[in-house]
Amino acid sequence: ASAEPEIVPAETWGLCIQSIAHLGWGMKEKIGANRWHAAYRGRERPFDVYLCANEAWVCVQLSMADSSIGEDAGTEGTGAKILLTRYLLRLNDTMCWAKVGMNERDQMALMIEVPVGLFDVRRFRRVARTVAAYADQYARDLQVAAALSKDRHLSQLLLAASHGEPPQ
């Protein structure tokens with residue numbers, strides 16, 4: 001079995017991270033072919049960052065929050081999930097270049113993708129600064145939104161507001 005070729009060489013990733021180390025970035029480890037685990041020390045908390053590449057794209061993905069809104073959360077959880085989804089869609093509409101998504105395990109991540117042909121250290125610095133700015137700006141909001149099913153009162157208020165109903 002042949003090993004998967006490295007799209008972005010380790011030396012390039014090293015230069016990328018080194019160029020923004022003074023901004024709180026660091027490399028943790030290689031976790032697979034074309035996959036690296038890095039970190040960003042934000043204003044309020046640290047973030048795990050995953051650097052990935054394939055034949056077409058280089059992706060910088062920063063872990064934001066894990067939602068506690070599971071499928072078994074009942075009516076409150078369903079309303080909270082709707083609010084969270086609406087919030088993520090609005091957030092994506094306001095952000096430039098970056099997007100936030102949620103996987104099947106309700107883990108939220110902020111990400112930027114760059115075509116492989118345009119990827120270099122200079123562009124990586126822009127990506128990193130953009131992701132860091134959004135992470136610092138929205139991390140607390142996403143953590144609150146991800147835990148709405150635990151705060152029944154806040155969830156009900158937000159649901160009522162989203163339907164144009166007066167607060168009770």
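Predicted model: local features only at pLDDT ≥ 70, side-chain atom pairs only at ≥ 80, totals over all residues.
1. The largest pocket has a volume of about 330 Å³. Its lining is made of 17 residues, and the closest to the pocket centre are Q61, S63, N103, Q107 and A109.

2. At least two residues each come from β3 (46-53), β4 (57-66), β5 (99-102) and β6 (107-115). The largest share belongs to β4, which gives five residues.

3. Sorted by class, the pocket lining has eight nonpolar residues, five polar ones and four charged ones.

4. The second topic is the helix pair. Two packed helices are described by the distance between their axes and by the angle between those axes. For helix α1 (residues 10-19) and helix α3 (residues 121-146), the axes come within 9 Å and cross at roughly 50°. Because an angle between 35 and 65 degrees falls in the oblique class, α1 is oblique to α3. The crossing of α1 past α3 is right-handed.

5. Which residues of α1 and α3 make the contact? On the α1 side they are W13, L15, C16, I17 and S19, and on the α3 side V121, F124 and R125. By class, six residues of this contact are nonpolar, one is polar and one is charged.

Terms used: Residues numbered from 1 in each chain as written. Heavy atoms only, no water. 1 Å grid on protein atoms, 1.4 Å probe; cavity = no way out; pocket = protein on both sides within 12 Å on 5 of 7 lines; lining within 4 Å. Points joined across faces, edges and corners; volume = space filled by probe spheres on them. Helix = DSSP H or I, 4+ residues; strand = E, 2+ residues; numbered from the N terminus. Nonpolar A, V, L, I, M, F, W, Y, C, P; charged D, E, K, R; others polar. Axes fitted to C-alpha atoms, helices over the stretch in contact; angles between N-to-C directions. Parallel < 35°, antiparallel > 145°, perpendicular 65-115°, else oblique. Left-handed = near helix turned anticlockwise from the far one by under 90°. Contact = heavy atoms within 4.5 Å.
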